[in-house]
Structure formats: structure tokens, C-alpha cells
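Here are my notes on this model, as numbered points. Please read them with the structure open.

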Amino acid sequence: MPQRQLHLGYMHWLNGTHWGGWRHSDAPTAQAFELEYATRALRIVEDAKFDFLFLGDTLPGDIVGEQWVTTHNTGRLEPFTLASQLALKSSKIGLVVTAHPTFYEPYILARLTASLDHLSGGRLAWNVVLGASDLAARNFSLPDLGGAHRYERADEFIHVVRRLWDSIENGAYLQDKKTGRYIDETKVHRLDWQGRHFQVAGTLPLERPPQGHVPLLYAGASELSRELTAKYADVNFTGPATPEDSIAFNTDVRRRAERLRGRVDPIFFLPGITPLVADTRAQAVELYEELNDLLPFDDDLVDGDQDESYWSGPDWARIRDSRFPLPKGVRSVRSLSERVGVDLRPLGIDGTVKPDTADRFNDYGRTLLTALARRTGRTVDQGAVRVKDVLGASIAGNFPLVIGTAEHVADTLIDWFDRGAAEGFNVSVPYLWEPLERFANEVVPILQERGVYRADYTTDTFRGHFGLDTPPNSFATNDPEERSA
């Protein structure tokens, strides 16, 4: 058996994942609409033999509001268009495009993905997303995203797309000049699909994609997301905080997959991870804290910018209970206090959190302290945790962020890999370009030296990179499971 190899994808965020990263003095003023910007990232990660470059896509409903959070949402090229250009600039690396079933019809999506898989030589993958804002849905004449209903629609959507990919078998295009037969009609199939959400008569006007079925990626950890991953996904990426969380999630999804598919298929779990590399651990921590200082805070950093009635109202209740990172407008010691269950305002922003104060933190507050210790080494018992450190952690979220030397980052990735917590990682960086270059030029060589990561490409398709078999054509095999809704 060949040695198990770690897989790496790069999630291309225009300004990086840290919400203050774009303001760093070394960060470029991102040219979102220039091909060379994305091409530069492509060159870096293909030179480092990454499995894929990932083009995420969230359709924002409020571009002005997004500037204070994920700034990449305020300026995005359409992913299929960009991927078609990047396919021409590369030869081996996989290309992942993001598309939301709620905003497409199966026939259109099947044709787009099949076409790009042909044009890229079998390097395409489709990231299925079901999350966005209801405000964004109104750009598509929809009142909202549809709640749990959208998962049911997506289930049928994916099934129909896969049938459309199969609708013309390999070898159907005879182009026989002697007989005049252009197509072997026995290899051309109509769906005549009559489902709850879709009625699709068709046949795609092109041969089956080179990969048979374009591989599917999916993220999300909810009950419905786990079911969708288990039924369809080849690659899953989420953001578990610890290897133990990741192992539990992976085990659960694999059990579901065996139940839903009736067989054991490989599913690759690539948790999202953000490395921050420096020459020393102390320098890496210093850079992380520098980035946190660049976050947009409330004008009144202690008491916040909201009036007193806001804190007992429904808007704050939704934010408080969501446990998502604190948004602009509620980034203060007051909002942090409300979330962790202890009033920290008397300490001020630079005050030190004492052990007796930390003992009164609720579960969420303790989670922040754990994340802070993992990222920076700062602990309450050392007297090294300031209120500003906890506030920064509450805004940056609990996304796995590995801070340290290249050796430390590599050790962390290998530990997750060796423990079965991950088959690899979907890598993002807090800002561009230095953090990406340092990961590619310093961390990747260590992974290669340790024998867990390829020194060169051995295949030139997405499926090939992961060792995924080409699925049989459901029409050719007459598989009753594939024919059923």
C-alpha cells in the first residue's frame, strides 16, 4: 500500500481571513478585479504542489455592512469565470468553484461544471454551499433562503446534476464520415425527470465530464449538513477547534455515509486552518496581536456604542446567543462582558483577567480562554491575559489558527494528520502575501521532508490527486439506486 499522504487546499480570500488583515502595512491594496492578483496566488500554491485552489463565493446582501467583517465579500469575481481563466494559467492544480443550488437550475449548473471540467482537463470540483443571507436571496426574486427546505431542494438538485453529467456516455460522438453517423444514439439519454422541485427533460449537449462526476466539496456541521456531506461529498471542510472535535465529527459523518450510500466510500476531511508563521513563536504571537489591534472596534471601546436598551433587545439577543464572532457595532468590553457572563468594564481594555474572575466565566468565555492559550500561550494563571486579548479572540472567532514557527505549524498539521483528525487542510492566511509565501516556502518543505506530503504531482486531475475512482455512468450500469429520486 502507498504511504498515506496529506492533502492541502488553498482557500483564496481576497484580503485574507483576518478581519483586520487588509489594514496591515505589508498587505496589498487588493485588486479584486484583476486576473494577475488571483494568478499570483495560483502560482504560489501550484509551485507548492497543493491539491487545489478554492474559490469561495458568498453573495452578500449588504456590501456596505460587509466592509467591517469579511471584506472579500465586497469585491468578488464570479467564480466560474475566474476559474476558467485560472485553468489557462495552470496545468496540475485542482480548481474549486462555489455554487449555491438555491440560485441555480440543475441544467445550468451541470452544463457549467461539465464544460469547465473538460476545459481544465479534469481539474474541477464543485463546492456546494447552502448558507447566505436572506437579503442576498432577494437578488434572485426569492423572499428568503427557504430554511431547512433548501436542503431538501439541494438533495434533489445534486441528484439531477449527476444524472445530467451521465446523460451522454463516453464514446457517443462517433463522427463517422463514412456512414454519416455523428452520434451513437444508444449512448444518449434523456432524464425525463419529474421530481418535487425540478422537472428536467434533458440531455447535456456534451460528453460526460473527464472525471465522470465532478467531485463535490461541502462544509457545515449541523444535522442537515452532516446528512448532505454523508450522502454526496468527496471532500468536507469545517473548522473544528481541536483534533478530538474533528475525530468525533469525521467518525459520525462516515457512519452516516455508509448508511446512506450502502457502501464505504472515501471521504476526505480537510479542516480549515489559518497558519501565521514567523521566525520565533514570540514574533508570531506579536504579529497576531498586531492584527487584532487593526480590527474595527466600537468608538467607545469600554461601554460600546449602543444605548442601554439595546442590550435587552432582540438584536443583541440574536448576536449573544449565536456565538459567531462579534460584528461591527458591538465590539467593546461591554459586549464581551455580556457574552462571557462577567462584567469586565471595571478592568478597562488593558486590564488583566485574574483567576477568580475567569472562574466566573460561562462556557463560551472559557472557550475563548482555551483558544487564546492555544494560539498565543497566554494563560490566566500566568497573569498574561488582558481584556483586549479576550475581546480579540471573540471577534476573530474560534477558527483553528496556528501561530508559531514553520516547524511548529508543520508539527501541528502532522499531529492532526497522524491522529486521524484530518486527511489534510484547507489553508487560508490572515492576509496576503507574506503569510502565504512563508507557508508555501517554509512549512511545505518540512512536510515533504517528513514524508507526509508529495514532492511533485503524480496526476493531473482533481480525482487523481485524491485517488478517487471515476464513478460508473448510471445510465450505462442501469443502477436503480441512481435512477431513484
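**Cavities and domains**

1. The model has 4 cavities of 30 Å³ or more. A cavity here is a set of points, on a 1 Å grid over the protein atoms alone, where a 1.4 Å probe fits but cannot get out. Grid points are joined across faces, edges and corners, and a volume is the space filled by probe spheres set on the points.

2. This is a predicted model: local features need pLDDT of at least 70, side-chain atom pairs count only at pLDDT 80 or more, and totals for chains, interfaces and linings use all residues. Residues are numbered from 1 along each chain as its sequence is written, and side-chain values use heavy atoms, with hydrogens and water left out.

3. The domain assignment, automatic or from a database, gives domain 1 as 7-277 + 400-483 and domain 2 as 296-394. Their C-alpha centres are 35 Å apart. Domain 1 puts 8 residues into the contact and domain 2 puts in 7 (heavy atoms within 4.5 Å).

4. How much area do domain 1 and domain 2 bury between them? About 740 Å², with 62% of it on carbon and sulfur atoms. Buried area is the accessible area (1.4 Å probe) lost on putting two parts together, summed over both.

5. Between domain 1 and domain 2 there are 0 salt bridges (a side-chain nitrogen of Lys or Arg within 4 Å of a carboxyl oxygen of Asp or Glu).

Methods:
1 Å grid on protein atoms, 1.4 Å probe; cavity = no way out; pocket = protein on both sides within 12 Å on 5 of 7 lines; lining within 4 Å.
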